[in-house]
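Please look over the sequence and the model below, and then read on.

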Amino acid sequence: MDAIQRVIDHAERRCKENGSRLTKKRKLALSLLLKSGKALSAYELVEAYKTELGDTMPAMSMYRILEFLIAENLVHRLDLINKYVACEHIKCEHEHAQTQFLICGQCQKVKEVAISAPIMDLLKKNTSDAGFHLASPQLEINCICQDCMSTELRAYSVGRY
């Protein structure tokens, strides 16, 4: 059994424990996100679904599937780029710290990292001190991944810039 199937099986058990069902289409959407290794829009998922199955799915159906997967903590919506990414902690049984998403602005690769409680407390304090209320603790940072940075440096070194 491959790694993606193990994650899907774990997600299915988790949904069952929560009283919900990970249907065939939901499994496929989650599988497509897991395989992609990067963030995908709902429309990119619809296209990947068509490629994978040779069948069409209305975008509205994909949005409903994504809403379900988000509610089950299997997928995250990234507001910065309006795309979705599979949770890196699906198979974990323990509670996680607040997450921060490092998003490559070039290739859309996403890395989910934990933020320590003291840092999160400081961010909340800074927000409050500035007269704001933290609407969502999810942090998304526009970055450039090492692969894209290396490509940029190589292009620069051969005089393309």
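## Helix α4 and its surroundings

In helix α4, the residues A59, M62, I65, L66, F68 and L69 are buried, a word that stands for a relative accessible area under 20%, with exposed meaning over 50% and partly exposed anything in between, computed with a 1.4 Å probe on protein chains only. These buried residues pack against α1, α2, α3 (42-53), β1 (75-78) and β2 (83-86), where contact means heavy atoms within 4.5 Å. An α-helix has 3.6 residues a turn, so residues three or four places apart point the same way.

Helix α4 covers residues 59-71, and at 1.5 Å a residue its 13 residues should span 18 Å, which agrees with the 18 Å between its end C-alpha atoms; the expected span is 1.5 Å times one less than the number of residues.

## Basis of the model

The model is predicted, so local features need pLDDT of at least 70 and side-chain atom pairs count only at pLDDT 80 or more, while totals for chains, interfaces and linings use all residues. Residues are numbered from 1 along each chain as its sequence is written, and side-chain values use heavy atoms, with hydrogens and water left out.

## Overall layout

The protein has six helices and five strands, and from the N terminus on its elements run α-α-α-α-β-β-β-β-α-β-α. Helices (H or I, at least four residues) and strands (E, at least two) are DSSP runs, numbered from the N terminus.

Along its principal axes the C-alpha trace spans about 45 × 40 × 30 Å, and of the 161 residues 34% count as buried. Among the contacts with a separation of 6 or more, 56% are accounted for by residues 24 or more positions apart.

## Helix α1 and its crossing with α2

For the 15 residues of α1, the span that should result at 1.5 Å a residue is 21 Å, and the end C-alpha atoms are 21 Å apart, which agrees. The buried residues of α1 are V7, I8, D9, H10, A11, R14 and C15, and they pack against α2 and α4. One of them, H10, has a relative accessible area of 9%; H10 and E52 are 42 residues apart in sequence and 22 Å apart in space, C-alpha to C-alpha. After α1 comes G19, whose phi is positive, near 80°.

The axes of α1 (residues 3-17) and α2 (residues 24-36) come within 10 Å and cross at roughly 140°, each axis being a line fitted to C-alpha atoms over the stretch in contact, with angles running from 0 to 180 degrees between N-to-C directions. That makes α1 oblique to α2, since angles under 35 degrees count as roughly parallel, over 145 as roughly antiparallel, 65 to 115 as roughly perpendicular and the rest as oblique. In this contact I4, V7, I8, A11 and E12 of α1 meet K27, L30, S31, L34 and K35 of α2. The residues of the contact divide into six nonpolar, one polar and three charged, where Ala, Val, Leu, Ile, Met, Phe, Trp, Tyr, Cys and Pro count as nonpolar, Asp, Glu, Lys and Arg as charged, and the others, Gly among them, as polar.

## Helix α2 against α3

The axes of α2 and α3 also come within 10 Å, and they cross at roughly 105°, which makes α2 roughly perpendicular to α3. The contact is made by K25, L28, A29, L32, L33 and K35 on the α2 side, together with L45, A48, Y49, E52 and L53 on the α3 side. By class, this contact of α2 with α3 has eight nonpolar, no polar and three charged residues.

Two asparagines deserve a look. N73, which is found in the loop between α4 and β1, has a positive phi of about 60° although it is not a glycine, and at 52% relative accessibility N73 counts as exposed. N82, in the loop between β1 and β2, has a positive phi near 55° and, at 41% relative accessibility, counts as partly exposed.

T99 is found in strand β3 (residues 98-104) and is buried, with a relative accessible area of 12%. Leaving aside neighbours within four places in sequence, T99 is in contact with E112, V113, I115, P137, Q138 and L139.
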